[in-house]
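Hi there,

Here is the structure I promised to pass on to you.

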Amino acid sequence: MNLGLKNRVAVVLAASSGIGLGIARVLAQEGCAIAICARDSVRLAAASEQIVAESGASVLAVQADVSDAASLDAFFDNVFSVYGKVDILVNNSGGPPPGRIDTLSDDAYVAAFNLVLMSKVRASRRVLPLMQKQGWGRIINVESTSIKSALENMVLSNAFRSAAAAHAKTLAMETARDGIRVHTLMSGPFLTKRVDELGNAAAQQRGISFEQWKSEAEAGTALGRFGDPLEYGALVAFLSSTQADYMSGNCIAIDGGALKTIS
């Protein structure tokens, strides 16, 4: 299937590893020019080198913190200076720390608000004018299955990922006639450092080993395993393509069948 992505410009936030890197790698292989950012400059440089080596794609890698408005703005200034446009925006970020309602401070809520919700609001706002002018664009948010089924000890993720999904749905409604398609992806467990972090926290809370938690978590998916970030990238590539033009405003699970909800 020809996805029609050659020479598109794709921005992937928080793409130095894990799901973000998997997405960037697949989009590069499909012919996109890539712009990525992350806080860790060493891992970001390694990610850029990997993408170029695999695909030969043009890659712009800029150190940035997506939770900081000024840092995110500076990143997009670089993107527009180098590429002049953005066709595909993948809103990704690290996740907020685990915790219960009675243990988290106001500062923790504000930090999660900026990381999970406002990073997507601000990034989408930066790309919208040019997408509307060119009559084509894709905005895809990387979220969690917590949008459908709340996760224990994860109040910050439950609250702000749900808010981000509501924002994306509204954005999809407002921009559909502009040729812009917006989607939210509900991530299950993938082979990433984030899963290691959350798994360790969950294991400690239950008094079990990480290996036991991982085994049980993998068994809880219909496929019996965690996902590969490149599988995530394949879904993003399809939703970014002209083949998915009649889809917008969807919340789509990519979770190995872990969700038990019907709708």
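Predicted model: local features only at pLDDT ≥ 70, side-chain atom pairs only at ≥ 80, totals over all residues.

Gly220 sits in the loop that links α7 to α8 (229-240). Once the neighbours within four places in sequence are set aside, Gly220 is in contact with Ala258 and Lys260. Between those two in the numbering is Leu259, whose C-alpha is 9.2 Å from that of Gly220, although 39 residues of chain separate the pair.

Strand β1 (residues 9-12) is covered on both faces. Val9 and Val11 are buried on one side, and Ala10 and Val12 are buried on the other. β1 pairs with strand β2 (residues 33-38) in the parallel sense, over four bridges. Within that pairing, Val9 has Ala33 of β2 as its bridge partner, while Val11 stands opposite Ala35.

Is β2 itself enclosed or open to the outside? Six of its six residues are buried, so β2 is largely enclosed by the rest of the structure. Ala33, Ala35 and Cys37 point one way from the strand, and Ile34, Ile36 and Ala38 point the other way.

Further along the sheet, strand β4 (residues 88-91) pairs with β5, again in the parallel sense and over four bridges. In this pair, Val90 is found opposite Ile140 of β5.

On to the helices that go with these strands. With a relative accessibility of 1%, Ser119 counts as buried, since the limit is 20%. Leaving out residues up to four places away in sequence, Ser119 touches Val66, Leu72, Asn91, Ser93 and Asn114. Ser119 and Arg39 are 80 residues apart in sequence, and their C-alpha atoms are 14 Å apart in space.

Helix α5 (residues 155-175) has 21 residues and spans 30 Å from its first C-alpha to its last, close to the 30 Å expected at 1.5 Å a residue. Its buried residues are Val155, Leu156, Ser157, Asn158, Phe160, Arg161, Ala164, Ala165, Ala168, Leu171, Ala172 and Thr175.

Another helix pair deserves a look. Helix α6 (residues 193-206) and helix α7 (residues 210-219) have axes that come within 8 Å and cross at roughly 110 degrees. That angle makes α6 roughly perpendicular to α7. On the α6 side, the contact is made by Val195, Asp196, Gly199, Asn200, Ala202, Ala203 and Arg206. On the α7 side, Phe210, Trp213 and Glu216 take part. Sorted by class, the contact of α6 with α7 has five nonpolar, two polar and three charged residues.

Finally, two asparagines to check in the backbone. Asn7 has a phi near 70 degrees, a positive value in a residue other than glycine. Asn7 belongs to the segment before β1, and its relative accessibility of 58% is why it counts as exposed. The phi of Asn153 is positive too, near 65 degrees, and this residue is likewise not a glycine. Asn153 lies in the loop between β5 and α5.

That is what I have for now. Happy browsing, and do write back with your thoughts.

Best wishes

How values were computed
Residues numbered from 1 in each chain as written. Heavy atoms only, no water. Expected span 1.5 Å × (residues − 1). Buried < 20%, exposed > 50% of the residue type's maximum accessible area, 1.4 Å probe, protein only. Pairing = 2+ DSSP bridges. Axes fitted to C-alpha atoms, helices over the stretch in contact; angles between N-to-C directions. Parallel < 35°, antiparallel > 145°, perpendicular 65-115°, else oblique. Contact = heavy atoms within 4.5 Å. Nonpolar A, V, L, I, M, F, W, Y, C, P; charged D, E, K, R; others polar.
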